[in-house]
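Okay, thanks everyone for coming.

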Amino acid sequence: MTDAVDRALDILRHGGAVAIPTETVYGLAADASNESAVRRIFAIKQRPADHPLIVHIASSTALDHWAASVSAEAALLAEDCWPGPLTLLLPRGPSVLDVVTGGRDTVGLRVPAHPLTLELLARFGGGLAAPSANRFGQVSPTTAEHVRDDLGDDVDFVLDGGPCPIGVESTIVDCSTSPPQILRPGGIPDEAIAALLDGAPAPASGAQRASGMLASHYAPKARVEVFESTQQAQQRAARLEDVGQRVELLDASADLVDAARNLYERLRDADRRGCDTVVAVLPAPTGLGHAIRDRLIKAAGLG
Ligand code: TXA
Ligand code: MG
């Protein structure tokens, strides 16, 4: 495996683009201090320039390089959740490139919990700007094979770290405001963030400042319809099958850890099998249920 990390390191040092494993989804990484390398990430993803990238760092000791200030709340969240599926938005430091932040006054930072990527980051020394390694608006990749399917030869190297154990993206908490706000529910449940912040209000989701939160995100080719109950979903699926559709019934309401881990593979599988419609049962809004609901609702174009 170290051979693979050596290769990834060499490519990143020369301004290349490497897909990296994380505990959430695969990222498409470039040296965050190399403007042309970061531009290439946007080009490969076909992503608009006003959608900023998260900078992945080896540990919270690097925070001072990237952030102009770190609030007490941010320090506490970092201490408790890193390495892990949490992204903090902080006032950007003076050396952070505009291309990374989309010209905003904040920068997104996270320490991912994956041994290969942590080794890579420690040896690289700098930050790696990395969005999810899919084309803009499509389903995020949770295996190295998904990345190859999506990006093919556009990416210089895929560091294969196996399937991503969490399967949905990081929770994004804006710590540039007081109190902090949850902008995207993710791998760390909203309730855990609220508990760490001692009951400070942590809106479930829906705030608009994390761009990329357009309608129709995380979307497969199949149409996605969402329902609150299994019964409603089964009735809808039966009706669509009656009129000749190929339907995938996706019940994400039972085991939340399993549902999150396999969510994107299930959406991809529905496309591989040529399904017309994915009929999904939403989980209750608790724990990982917040993130699963958010992704399915966006995949349905209702976000
Ligand atoms: O789990 C994750 O967060 C994965 C892995 C690879 O780390 N990354 C990820 O990146 O999901 P991406 O780019 O697909 O989604 C990050 C979201 C985007 O909607 C982006 O616009 C938003 O975070 N974002 C990043 N920096 C921001 C900033 N400074 N202000 C507002 N939104 C920001
Ligand atoms: Mg993404």
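Let's start with helix α11, residues 289–299. Because 10 of its 11 residues are buried, this helix is largely enclosed by the rest of the structure. And keep in mind that what you see is a predicted model. The buried ones include Gly289, Ile292 and Leu296, but also charged residues such as Arg293, Asp294 and Lys298.

So what do the buried residues of α11 pack against? Their partners are β9, α8 (190–196), β10 (223–227), α10 (256–272) and β12 (277–281).

Two elements, α7 (144–151) and α10, each give two or more residues to its lining. Which of them gives the largest share? That's α10, with 3 residues. Among the lining residues are Arg135, Asp149, Lys221, Arg268 and Arg272. By type, the lining splits into 7 charged, 3 nonpolar and 1 polar. Domain 1 (2–203) and domain 2 (223–299) each supply at least three of the lining residues.

Next stop, Thr24. You'll find Thr24 in the loop between β1 (18–20) and β2 (27–31). Is Thr24 buried or exposed? Its relative accessibility is 3%, and buried means under 20%, so Thr24 counts as buried. Its side chain makes a polar contact of 3.1 Å with the side chain of Arg110. Leaving aside residues up to four places away in sequence, Thr24 also touches Pro85, Thr142, Cys164 and Glu169, among others.

Most peptide bonds are trans, and most residues other than glycine have a negative phi. Where do we find cis bonds here? One joins Trp82 and Pro83, with omega about -5°, and Pro83 is in the loop between α4 (72–81) and β4 (86–91). Another runs from Ser178 to Pro179, with omega near -5°. Pro179 belongs to the loop between β8 (171–174) and β9 (181–184).

As for phi, have a look at Gln46: its phi is positive, about 60°, although Gln46 is not a glycine. Gln46 is in the loop between α2 (35–45) and β3 (54–56). With 55% relative accessibility, Gln46 counts as exposed.

That's my tour, so over to you.

Methods:
Residues numbered from 1 in each chain as written. Chains lettered and ligands numbered in written order. Predicted model: local features only at pLDDT ≥ 70, side-chain atom pairs only at ≥ 80, totals over all residues. Heavy atoms only, no water. Helix = DSSP H or I, 4+ residues; strand = E, 2+ residues; numbered from the N terminus. Buried < 20%, exposed > 50% of the residue type's maximum accessible area, 1.4 Å probe, protein only. Polar contact = N/O pair within 3.5 Å; in protein donor to acceptor, adjacent residues only side chain to side chain. Contact = heavy atoms within 4.5 Å. 1 Å grid on protein atoms, 1.4 Å probe; cavity = no way out; pocket = protein on both sides within 12 Å on 5 of 7 lines; lining within 4 Å. Domains from an automatic or database assignment.
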